[in-house]
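Hello,

Here is the structure for you to look over. My notes follow below it.

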Amino acid sequence: MNPDEFRKQAHLMVEWMADYMEHVEDYPVKSQVAPKTIYNQIESSIPDHGQEMEAIFKDFKEVVLPGITHWQNPNFFAYFQANTSPPSILAEMLTATLGVQGMKWETSPVATELEEKMMEWLRDGIGIPNEWAGVIQDSASMATLSAILTARERLSDYQVNENGFEGFTKLRVYCSDQTHSSIEKGAKIAGVGKKNVIKIPTNDLLEMRSGLLQEQIEKDIEEGYHPLCIVAALGTTGTMAMDPLEAIGRIAEKHGIWLHVDAAYAGAAFLLPEYQGLMKGIEKADSFVFNPHKWLFTNFDCTAYFVKDKKVLLNTFSILPEYLKTASDGLVNNYCDWGIPLGRRFRSLKLWFVMRHYGMEGLQKLLRLHIDLAMWLETEIDKNSSFELVVPRSMNLICFRYRPYEIEDEDAINTINEQLLQHLNAMGKLYLTHTKINGIYTLRMSIGQTNVAKSHVEKAWETIQKVAEEIAMNKKI
Ligand code: PLP
């Protein structure tokens, strides 16, 4: 494709992209296709001859789009958002055009230096101490794995790095019984073993009980285990519960245990001064992760990972074969030494575009709007005696269920809520997901899509109530 043809096609696609943004609400939020629908429409092998862009784009519209769940639809209330925004998309277009591989400073100095600066902007914005350093990773899971590996190397005095695992066993990782599966995955990969991830019980608000953490660590030490790492969650996936960072920090400090903070979703909200109190104790932590690709309007993937002591990270991950040696080694950051992959995308550009476009004021305004909308919904749920909050609202996440007073049997209530979720999502008008809290089937509504407005939440609430009543009526309760 020559540049003229590229220009023509790009203009057409940008037109389509702008139309998509304008009309995204016309698509069903959750893809309605049955399994294999898409697969069966795609040719079974590489086409023998090149095809025209017109034909490819036609298939994009006819084959690909029906298989899309529209995460950018403002009626997307499921999981946690994976938001984008116009400045982020524009930056991604430029990034794709430049096709930069930013593994080392020399392979594109700006990829490194802009990343360094963006991590400083975020670090200072969310209240991480200014001696910490940050690096962009692809996912919170990867950052948590890095934290566990780094903790392992520090504990073993870098012996595992050198000699492998021999003679270095009985490691333990601690997290609450609510924390994300990425911790178990990280522990599996790091050779700690899933059975050595000790899940500390939580209180009524599903926050880690730090007293029990302390007891468990003392017991483990007595039994000859090496406490390796504690993962505190600021915003659990199920209900956005906040573990008590300060108390956990004191325990980590007392025993010299690596403390990693997983704020994958909620981290963005620490840009708001009114939420920075939750970060109290951060100075006692060793690493911190949050995803601008969730609630900070920056396309997936973009994870911000911060460490207190970058030397420990570098000791764990750096490796320098002859073919990667450059004259600037030792003088600059080479981010390939700050994590697992060698190759690195130029992800700081989209962060720069987003943070400049919105400014702190604009980012805070959107985050506050989302939290206010969740507060509004919380009040509405309180007003309707057939619904209840299963746990109190946390930031912009509402965990609730339909609970008509005529039904007392908990299993029946669970079934009704499961049906309610299925019906709502099949309508295509909105998308919610669920969690289970102490056996209670709970609907989760995360109000944080870039373009969500009060009208979307009002309409969603109206639909939820209507469908719930219809289900209950059909059951003749
Ligand atoms: N930690 C928490 C608290 C999460 O909510 C999630 C995902 O929602 C993750 C980790 C994993 O994030 P990622 O998909 O970036 O690995």
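**What was found**

Tyrosine 79 sits in the loop that runs between α2 (53–64) and α3 (86–98). Its phi is near 35°, a positive value in a residue other than glycine. Keep in mind that this is a predicted model.

Aspartate 301 belongs to the loop between α10 (292–295) and β7.

On confidence, the protein chain has a mean pLDDT of 95, and 99% of its residues reach 70 or more. The ipTM of the model is 0.98 and the pTM is 0.95.

**Domains**

The protein chain is divided into two parts: domain 1 covers 1–30 + 69–84 + 359–477, and domain 2 covers 100–345. Between their C-alpha centres the distance is 30 Å. Contact between the domains involves 19 residues of domain 1 and 19 residues of domain 2. On the side of domain 1 that touches domain 2, at least two residues each come from α12 (348–383), β9 (397–402) and β10 (433–437). The most come from α12, which gives 5 residues. By class, the residues on this side of domain 1 are 10 nonpolar, 8 polar and 1 charged.

**The sheet of 7 strands**

An open sheet with mixed pairing is formed by 7 strands, in the order β1-β7-β6-β5-β4-β2-β3. At its edges are β1 (133–137) and β3 (197–200), each of which pairs on one side only. From one strand to the next, the twist averages 20°.

The pairing of β1 with β7 (residues 303–307) is antiparallel and extends over 5 bridges. Within it, glycine 134 stands opposite phenylalanine 306 of β7.

β8 and β9 run antiparallel and are joined by 3 bridges. Phenylalanine 387 has tyrosine 402 of β9 opposite it.

**The ligand**

Which residues are closest to the ligand? They are Ser139, Ala140, Ser141, His180 and Ala264, out of 15 residues that surround the ligand. The shell around the ligand consists of 5 nonpolar, 9 polar and 1 charged residues.

Regards

Note on methods:
Residues are numbered from 1 along each chain as its sequence is written. This is a predicted model: local features need pLDDT of at least 70, side-chain atom pairs count only at pLDDT 80 or more; totals for chains, interfaces and linings use all residues. pLDDT is the predictor's confidence in each residue, from 0 to 100. A residue is near a molecule or strand if its C-beta atom, placed from the backbone, lies within 6 Å of it. Ala, Val, Leu, Ile, Met, Phe, Trp, Tyr, Cys and Pro count as nonpolar, Asp, Glu, Lys and Arg as charged, and the others, Gly among them, as polar. Two strands pair if DSSP finds at least two bridges between them. Helices (H or I, at least four residues) and strands (E, at least two) are DSSP runs, numbered from the N terminus. Axes are lines fitted to C-alpha atoms, for helices over the stretch in contact, and angles run from 0 to 180 degrees between N-to-C directions. Domain bounds come from an automatic or database domain assignment. Two residues are in contact if their C-beta atoms, placed from the backbone, lie within 7 Å.
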